[in-house]
Amino acid sequence: MKIFYGKSTSGNIAEATRGLGNPKLIIMVSNADGFEANVAAIEKQFPGVPSIGCVGMGYDTTVVENGVSITGFVDGVTVQTGVLEKVSVSPARHIARLEKNIQAVKPGKENTAIIDFCAGNDAAVLTTLSTLVSKYNLQVMGATGDAGKVSVNGQVYEDGMAYAVVKNDGGRVKTYKENIYEPIDKKQLIASKTDKSKYYLGELNGKPAKQFYMDLTGCSESGIVDQTFKNPFGKMMGDDVCIASIKAVSGSGLILYRQINDSDILTLLEMRDPMEIAQHTVDRIRSDFNHVSAIFSVNCIFRYLVLKQRNELNAYLDKIGTLGSSCGLVGYGEHYNTQFVNQTMTCVVFE
């Protein structure tokens, strides 16, 4: 298979698509101001071509911070696109629509992925997908877009999940998750007085979560949100750790970027060397694939900010790019199969 990547720092679709011919799928990442116009322009220029889009920042080896980027799947794929609507209240309402799209591509073993963009309620949406993911042996990667909007086939949707079911006609697909944080120690933090609808964490080990986090890290109340770049929480899931970043302070508790339930076991994390972790990711992918045709990835906005602050952003993207054609977007939450994660890089690799 083959992909095309184009960009325009001024948000010009004609510039970003220059050289793109006969795509099987178009993925657009646009700034907020030009999103609706860019969705319409893509549909006008490529009528009938399956497309999905969201608001965000696209990248290959550099990030387009306020423009538009285009990823085109040119050949070697079979694609179906669609949307789940009103995901905040009824994410399963149109699940039959997705299953019909999955069946249409005739998925085989380890050769089909769902790439999705969600406008919110990601955890519930991914739970909704889990039965189909298991039934059809699918891989999933995606992102929370900005501004509460996504697009599918020339139409803009609020409160929706846009998806592309992509079958690699020439080989396997596989998703990966990269975490640059690890537990500081083995201390377990038991969550309580949570509010799932607000992503609220009230207490840890029976004590107010705000003060408990300040005591653990030594930060002030005003520094809590910045401290999460260095020390986010991790939710223990067997041997795996899913990052749960802090979004805001609320009374004596904390608002997180992912849902936490009463009795969930958390731990405090610390940052490792991002470039060392990136090399480990490259090594893992190389050990799994003799040939990589393309990589599409999502990097969390927090990772983008951390890498930029460390002056390692371009070096990081270059390192991932050594595997082959590589592009993606900066998201506000990441999807890895049926997991909704934060402060993480997820990607799908096409053989």
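Colleague: Two strands pair if DSSP finds at least two bridges between them; in what order do the 6 strands of the open sheet run?

Modeller: The order is β1-β6-β2-β3-β10-β11, with mixed pairing, where strands are DSSP runs of E of at least two residues and helices are runs of H or I of at least four, numbered from the N terminus. This is a predicted model, in which local features need pLDDT of at least 70 and side-chain atom pairs pLDDT 80 or more, while totals for chains, interfaces and linings use all residues. Residues are numbered from 1 along each chain, and side-chain values use heavy atoms, without hydrogens or water.

Colleague: Which strands stand at the edges?

Modeller: Those are β1 (2-8) and β11 (155-158); each has a single partner strand, so one side of each lacks a neighbour in the sheet.

Colleague: And how do β2 and β3 run?

Modeller: Strands β2 (residues 25-30) and β3 (residues 51-55) run parallel, joined by 5 bridges, and S30 of the model sits opposite V55 in β3.

Colleague: Which helix packs on that sheet?

Modeller: Helix α2 (residues 35-45) does, touching β2, β3, β6 (68-75), β10 (146-152) and β11, where contact means heavy atoms within 4.5 Å.

Colleague: Switching to α4, where does that helix bend?

Modeller: Helix α4 bends by about 40 degrees at L129, the angle being taken between axes fitted to the seven residues ending there and the seven starting there. L129 is also among the buried residues of α4, which include D122, V125 and L132; buried means under 20% relative accessible area with a 1.4 Å probe, protein chains only.

Colleague: What comes just after α4?

Modeller: There N137 takes a positive phi of about 55 degrees.

Definitions and conventions
Buried < 20%, exposed > 50% of the residue type's maximum accessible area, 1.4 Å probe, protein only. Pairing = 2+ DSSP bridges. Axes fitted to C-alpha atoms, helices over the stretch in contact; angles between N-to-C directions.
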